[in-house]
Amino acid sequence: MEIAKSMELATLSHKQSSFAGPPHEALFLVLAYLPLFELLSMSEVCRSLRDAVEKDVLPWLNIIVERPLSLRLSDEILMKIASKANGRLRTLVLMYCAKITDDGLQRVIDQNPLISKLHIPGCTGLTPDGVIRALQKLSDCQDGLKSLWINGITNMKKEHLERLQFYLQTNQKLQQIQQKRQPLLYHNYRRLRAYRSEELGRVIDVEICPKCNEVRVVFDCPREECKRKRENSMTGCRMCMFCIPRCEECGKCVENGDLEETVCADTLCPDCWIQLPKCNFCNKPCCTQHANMQIASTGSRGWICSVCHDKSDDFE
């Protein structure tokens, strides 16, 4: 938030100048903290900012690729971006970058063996064997990898996960972190930024689901009765999202008979369904994440959902 305010003030100050001059000094100070999309945009503003982005290694030590860049990122583009770190890349986060292949990832790993955080969820162009090769290379480093996210890598099996865990467990510090990990709640995981994974207190994001035996993210439940089962070494509802639905707001498990209708089609438990405000027409709520589906109702309090709003336009 402070970075955004500094950028806004610096940009406004620059625009209000009566003559063309160098960028405000604050813009240079925040370059190392900008997301990749904004960083690349800043390099197009003027020559001095372009030179600062191109010649300074600091902004490129932590590369985080999210939408919209993730839809266009290829092996060649990734290699070009990663090369700016001069072999000192520490964080590589590729969110749903479907065009990245095993060869492309391996080239980046070979030139940046000091990577300590590798998050590649939803990168469907990668294979389990490719991820294992990358991790094997990183495990040769003295510090090794501290965080690995691989949810969404297709055809990931138990034997693949065991090999990954073997390379991760060679680091004693990681074993200590894994032992202190916190319960993973569905709603917290959905809202967590990929590069803040240390808040989860776990090294790898997936494990074997106790019910379906697939390699997936397994969630805990905040219900008291479910907590007691977990404390007594009972599985309870500790499963992946495909085996049991969970509330989008509180993360509790929801039985099929307790599912409530929502505007956004997400799952809500009865308690959260009652508490959330409803559409004036259909009397359905929407979760906090989809608050953009709420349209202020003219002439009355409350709101109407986008679905009812579109239907009312059709009758006019």
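1. Contact, in this note, means heavy atoms within 4.5 Å. Helices (H or I, at least four residues) and strands (E, at least two) are DSSP runs, numbered from the N terminus. The structure is a predicted model, in which local features need pLDDT of at least 70 and side-chain atom pairs count only at pLDDT 80 or more, while totals for chains, interfaces and linings use all residues. Residues are numbered from 1 along each chain as its sequence is written, and side-chain values use heavy atoms, with hydrogens and water left out.

2. Overall content. The chain holds 13 helices and 10 strands. Of its 316 residues, 43% are buried; buried means under 20% relative accessible area, exposed over 50%, and partly exposed in between (1.4 Å probe, protein chains only). Among contacts in the chain with a separation of 6 or more, 59% are between residues 24 or more positions apart.

3. The packing of α7 with α8. Helix α7 (residues 128-139) and helix α8 (residues 158-168) have axes that come within 9 Å and cross at roughly 10°. That makes α7 roughly parallel to α8. Axes are lines fitted to C-alpha atoms, for helices over the stretch in contact, and angles run from 0 to 180 degrees between N-to-C directions. Angles under 35 degrees count as roughly parallel, over 145 as roughly antiparallel, 65 to 115 as roughly perpendicular and the rest as oblique. From α7, the residues Pro 128, Asp 129, Val 131, Ile 132, Leu 135, Gln 136 and Ser 139 meet His 160, Arg 163, Leu 164, Tyr 167 and Leu 168 of α8. Sorted by class, this contact has 7 nonpolar, 3 polar and 2 charged residues. Here Ala, Val, Leu, Ile, Met, Phe, Trp, Tyr, Cys and Pro count as nonpolar, Asp, Glu, Lys and Arg as charged, and the others, Gly among them, as polar.

4. The sheet. Four strands form an open sheet in the order β1-β2-β3-β4, with parallel pairing; two strands pair if DSSP finds at least two bridges between them. At the edges are β1 (62-65) and β4 (147-149), each of which pairs on one side only. From one strand to the next, the twist averages 5°. Strand β3 (residues 117-119) runs parallel to β4 and is joined to β4 by 3 bridges. Within this pair, Lys 117 stands opposite Ser 147 of β4.

5. Helix α6. In α6 (residues 102-111), the buried residues are Asp 102, Gly 104, Leu 105, Gln 106, Val 108 and Ile 109. These buried residues pack against α5 (75-82), β2 (91-94), β3 and α7.

6. Helix α4. The buried residues in α4 (residues 47-55) include Leu 49, Ala 52 and Val 53. They cover an arc of only 95° around the axis, which puts them on the same side of α4; the arc is that of the directions from the helix axis to the C-beta atoms. Arg 47 and Lys 55, on the other side of α4, are exposed.

7. A buried glutamate. Glu 248 belongs to the loop between β8 (239-240) and α12 (270-275). With a relative accessible area of 3%, Glu 248 is buried. Leaving aside residues up to four places away in sequence, Glu 248 touches Tyr 186, His 187, Arg 190, Arg 191, Asp 266, Thr 267, Leu 268, Cys 287 and Gln 289.

8. Backbone points to inspect. The peptide bond from Arg 67 to Pro 68 is cis, with omega near 5°, and Pro 68 sits in the loop between β1 and α5. Asn 213 is not a glycine, yet has a positive phi of about 60°. Asn 213 is found in the loop between β5 (207-208) and β6 (215-216) and, at 54% relative accessibility, counts as exposed. Asn 283, also not a glycine, has a positive phi of about 60°. Asn 283 lies in the loop between α12 and β9 (294-296) and is partly exposed, with a relative accessible area of 45%.

9. Surroundings of Cys 282. Cys 282 is placed in the loop between α12 and β9, where 26% relative accessibility makes Cys 282 partly exposed. Not counting residues up to four places away in sequence, Cys 282 touches Val 263, Cys 305 and Cys 308. Cys 282 and Val 307 are 25 residues apart in sequence, with 9.3 Å between their C-alpha atoms.
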